[in-house]
Amino acid sequence: MNLLLIDDDEELAGMLAEYLRGEGFAVTALHDGVSGVEAALSGRYALVVLDVMMPGMNGIEALSRIRLHSRLPVLMLTAKGDDLDRILGLELGADDYVPKPCTPRELAARVRAILRRTQNAPETDAALAVGPLALYPHKRAASWEGRPLDLTSTEFSLLEILARQAGQVVGKGELSEAALGRPLVRFDRSIDVHMSSIRQKLGARPDGESWIQTVRGRGYLFVKE
C-alpha cells in the first residue's frame with residue numbers, strides 16, 4: 001500500500017516513514033506543500049499524511065487544492081491543542097487528524113483505520129436507498145435526488161451508518177468507532193464537524209429542517225420518510 005507523507009520536518013518525517021515501512025507500507029516522504037499536492041494528485045497513493053504547519057504552502061492550503069480534484073483520503077497532522085486548524089482541516093475535507101507530537105504506532109493505527117473503511121468495500125454493487133439518498137458501498141459513491149453527491153471517505157462512512165439505521169438514533173461513540181476507527185474522547189468535535197459538512201451538502205428538507213437531526217445527549221438520526 002503506497003502512502004504519501006508531506007511534512008517539512010525532515011527528521012520527524014524520516015522517523016515516521018521508517019516506522020510505516022516496517023509496518024508493511026511503501027512510503028514516499030516530501031517536505032513542501034507544492035510538490036506534495038502534485039504527488040497527491042498523481043494517482044499513485046492510497047492515502048496522504050499531511051502536516052498543517054509548513055512554510056510556503058501550508059497543509060490547509062495543500063488540502064484545499066487536493067480536494068478540488070480528488071477524494072483521496074487525507075490524515076492531517078495538527079499541533080496539539082490547536083482546535084482551529086483541526087476544525088478547519090475537517091471542514092475542508094480531511095478524513096481525520098492526529099495531534100503532534102504523536103507516536104509512530106498511533107499514526108499507523110489511524111492510517112490502517114482509514115484504509116480499512118476505504119479499501120474493504122462489499123462485493124455486492126446493490127444500492128442502499130433512503131428517500132432521495134442512494135449509496136453504492138461497492139464503489140463508495142453516492143447520489144442525492146439522482147445527482148452525484150461528492151463526499152469524502154469519512155463523510156461516506158458516516159452517512160452509510162446513518163442510512164442503514166434511518167429513523168433511529170446512532171450514538172456519537174458508535175459513529176466514531178465505526179467511521180473513524182477510534183473511541184470517542186471528551187471534547188473531540190470531529191463527528192460534529194463532519195456532520196455539519198454532510199448537512200450542507202444534503203440541504204434542507206421541504207419543511208426546512210435538516211435531514212440529519214441532532215438528538216441532544218444521544219447522537220444523530222437520519223430522517224426516514
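**Entry 1. Terms and model**

I began with a definition: a residue is called buried under 20% relative accessible area, exposed over 50%, and partly exposed in between. I noted that the model is predicted.

**Entry 2. Arginine 71**

I looked up arginine 71 and found a relative accessible area of 38%, so this residue is partly exposed. I then examined its partner: arginine 71 forms a salt bridge with aspartate 150, and their closest N and O atoms are 3.9 Å apart. I recorded that this pair links distant parts of the chain, 79 residues apart. Arginine 71 sits in the loop between helix 3 (59–69) and strand 4 (74–79), whereas aspartate 150 sits in the loop between strand 9 (147–148) and helix 6.

**Entry 3. Salt bridges within and between helices**

I noted as background that side chains of opposite charge can pair when their charged atoms come close. My count for the model came to 15 salt bridges.

I looked next at arginine 110 and glutamate 106, whose side chains meet in a salt bridge of 3.5 Å, N to O. Both belong to helix 5 (residues 104–119), and because they are 4 residues apart there, about one helical turn separates them. Arginine 110 is buried, at 14% relative accessible area, while glutamate 106 is partly exposed, at 29%. I also found these two in a network of salt bridges that links Asp96, Glu106, Arg110, Arg182 and Asp188.

I then turned to lysine 172 and aspartate 192, which form a salt bridge at 3.1 Å, N to O. Lysine 172 is in helix 7 and aspartate 192 in helix 8, so the bridge ties together parts 20 residues apart in sequence. I listed lysine 172 as partly exposed, with a relative accessible area of 25%. Aspartate 192 has 18% relative accessibility and therefore counts as buried.

**Entry 4. Nonpolar cores**

I looked up the largest nonpolar core, which has 27 residues. Leu159, Leu175, Met195, Leu202, Ile212 and Phe222 have the most contacts inside it. I noted several elements that each supply at least two residues of this core, including strand 7 (133–136), helix 7 (172–180), helix 8 (190–202) and strand 12 (219–222). Helix 6 provides the largest share, 6 residues.

Technical notes
Residues numbered from 1 in each chain as written. Predicted model: local features only at pLDDT ≥ 70, side-chain atom pairs only at ≥ 80, totals over all residues. Heavy atoms only, no water. Core = buried A, V, L, I, M, F, W, Y, C linked by side-chain atoms within 4.5 Å. Buried < 20%, exposed > 50% of the residue type's maximum accessible area, 1.4 Å probe, protein only. Salt bridge = Lys/Arg side-chain N within 4 Å of Asp/Glu carboxyl O.
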